[in-house]
Amino acid sequence: MSDYSRFEHFDAKGNRDITADLTGQVTVSADNDGVYTIKATAVGSDGNTYDLTYTGRLPFFDPTASYYVLRQIMEDRENETFKGGMGFYYGDILQTSKGGEMMVQLYSDDFNDENGMQYDETTMICLDLIGRPFPNGNPTLDPGTYSIKPYYEGVRGDAIAGREMTYMSQTMGIGCYLRDRSSSKYASSDPYAYAYLQSGDIVIEKTDKGFRISLENGVTTLGYKVSFVYEGGISPFLDYSEDDRGTAKSTIVDDVDLKLDDLPLARLYNGGVVNGYQTYLFDVGSRSGMDEQRKYGGDIIRFHFVNRPGTPVVDAGEYTVMEEPYETYYMPGKLAQTHWVGTPGGGTDISGTCYIHFEEGRFLVMDHYAWFREGNVKVAIDGTPGPGNYDKLTYTVDIDLTSDNNFYVRGSWTGPVTLMYDPDSLSAIGSVEADGSEAKLFAVGNGLYQVSDYLGSVEVYNMMGSLCGTFNAAQTIDLSAAAPGMYIFKMGKTTVKVIK
């Protein structure tokens, strides 16, 4: 290395007065924070020997990659101070964040609060945060820790790393970045310099002054440190979102932290066999007034579980909301989406997996509800399900769902479950090979039967050999009006005997 290295010294007037060739070895070391120490020895043209030492950061550039278009800040910027700031809310422009993107800009001195323009000889930091959505306007900052991540990884609760973007032939900094404006330090024609933050934690707290905002462990793309602590207001906070606020069916206007602990039990209903799979409606809280705790307000929630055929109760495991509409039950371990159902008298109600809130102080008056298209629910069972003890089990449900207007509904509940059906009626009656597939027949109670893994007609005979009816295998077979006795179901080449 010494053969290709050189030492030069310039006097106070900028004239080079000493040149030197390096002798011996050049040593390079680095600490855990990425600070390098370089040591070398040089013999100058003046005959003197110089011991050279450099300690600091060494930004590395990839010669095969494009350099930054905009001027970069090449130094640590720790303990920066800011005097005021403003915010901009843009809504769910990332489309995948389930939140609302907002930018907070803090300034080291005066700024134009009409448009956020930065004055000369000042520093501005831009914080690009993904918070909760504000479909009804009035955005604000939520307390929390926002970790800086690349834009393609950012989700709600994160901050977006800084980078450059070219739009209509103009390059600009976006994401989280620090920006200097100094015509004396840089150039009057181009007074800006940037530092793009690639990691760090932005911590936001509410205070009497407005907010306390700090950046911890901030590191730029060139490896320099950035940190600050700001206390004060964020004003104005401008709403630039263009979200379509009329498409969501949910009426909740904020995240829901479920309060279910006061409900002593849940109720489990047989949802029937749909597309060959057993379904259940699991109610924590009754919308018809069966829980005294909910007659005058509070949270209730229903889960629409899809289970294996013949399952007598809900299986333990993790259930995710299915991607397709509720009619498309295609595998166990899914939750049906929220959907409309008919009610006696020609009305409608919501069912499937759904949240309902009763207005406080009024008798069973629903004031908010949430429709779900995403999320999961974990089910744990204390006890071993089996004949005779299905009603003695304790269930725990951990809830992490997202409404269709992008608010979180989260919480948990633990307790016993009252079965609103006979679990022994849900076991499989038979399972044999038929026409190259495995046809199964299930009793769902009250003389109703379902067929799975078979497409075609089902013929039902009594013990005298008389044909009682021909049914479509995709539909529920209704023998509720038939006389008690033994019946034979013929599904292609498969026959199953049933005692009604």
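Does serine 351 count as buried or exposed, and at what relative accessibility?

## Serine 351

In this predicted model, serine 351 counts as buried, because its relative accessibility is 7%, and the cut-off for buried is under 20%. Serine 351 belongs to strand S25, which covers residues 347-351.

The side chain of serine 351 forms a polar contact with the side chain of arginine 302, at 3.0 Å. Leaving aside residues up to four places away in sequence, serine 351 touches Leu281, Arg302, Gln337, Thr338, His339 and Val341.

## The cavity

The structure holds 1 cavity of 30 Å³ or more. The space in the largest cavity is about 40 Å³. Its lining is made up of Asp283, Gly285, Ser286, Arg287, Ile300, Ile301, Arg302, Cys354, Tyr355 and Ile356.

By residue class, the lining of the largest cavity consists of 5 nonpolar, 2 polar and 3 charged residues.

## Confidence in the model

The average pLDDT of the protein is 85, and 92% of the residues score at least 70. Among the elements of the protein, S26 has the highest mean pLDDT, 97. The lowest mean pLDDT among the elements, 37, belongs to strand S30 (residues 428-434).

For residues 428-437 the pLDDT is below 50. This stretch still has 29 contacts in the model beyond near neighbours in sequence.

## Backbone features in loops

Proline 236 sits in the loop between strand S16 (225-232) and strand S17 (237-239).

Leucine 364 is not a glycine, yet it has a positive phi of about 50°. The loop that holds leucine 364 lies between S26 and strand S27 (366-382). Leucine 364 counts as partly exposed because its relative accessibility is 24%. Asparagine 406 is likewise not a glycine and has a positive phi, of about 75°. Asparagine 406 is found in the loop between strand S28 (394-403) and strand S29 (408-419). With a relative accessibility of 16%, asparagine 406 counts as buried.

## Asparagine 48

Asparagine 48 is placed in the loop between strand S3 (36-44) and strand S4 (49-56). Asparagine 48 counts as partly exposed, because its relative accessibility is 41%.

Not counting residues up to four places away in sequence, asparagine 48 touches Ala42 and Val43. Asparagine 48 and alanine 20 are 28 residues apart along the chain, and 9.3 Å separates their C-alpha atoms.

Note on methods. Residues are numbered from 1 along each chain as its sequence is written. This is a predicted model: local features need pLDDT of at least 70, side-chain atom pairs count only at pLDDT 80 or more; totals for chains, interfaces and linings use all residues. Side-chain values use heavy atoms; hydrogens and water are left out. On a 1 Å grid over the protein atoms alone, a cavity is a set of points where a 1.4 Å probe fits but cannot get out, and a pocket is an open set with protein on both sides within 12 Å along at least five of seven lines; lining residues have an atom within 4 Å of a point. Grid points are joined across faces, edges and corners, and a volume is the space filled by probe spheres set on the points. Ala, Val, Leu, Ile, Met, Phe, Trp, Tyr, Cys and Pro count as nonpolar, Asp, Glu, Lys and Arg as charged, and the others, Gly among them, as polar. pLDDT is the predictor's confidence in each residue, from 0 to 100. Helices (H or I, at least four residues) and strands (E, at least two) are DSSP runs, numbered from the N terminus. Contact means heavy atoms within 4.5 Å. Buried means under 20% relative accessible area, exposed over 50%, partly exposed in between (1.4 Å probe, protein chains only). A polar contact is a pair of N or O atoms within 3.5 Å; within protein, one must be able to donate a hydrogen and the other to accept it, and residues adjacent in sequence count only if both atoms are side-chain atoms.
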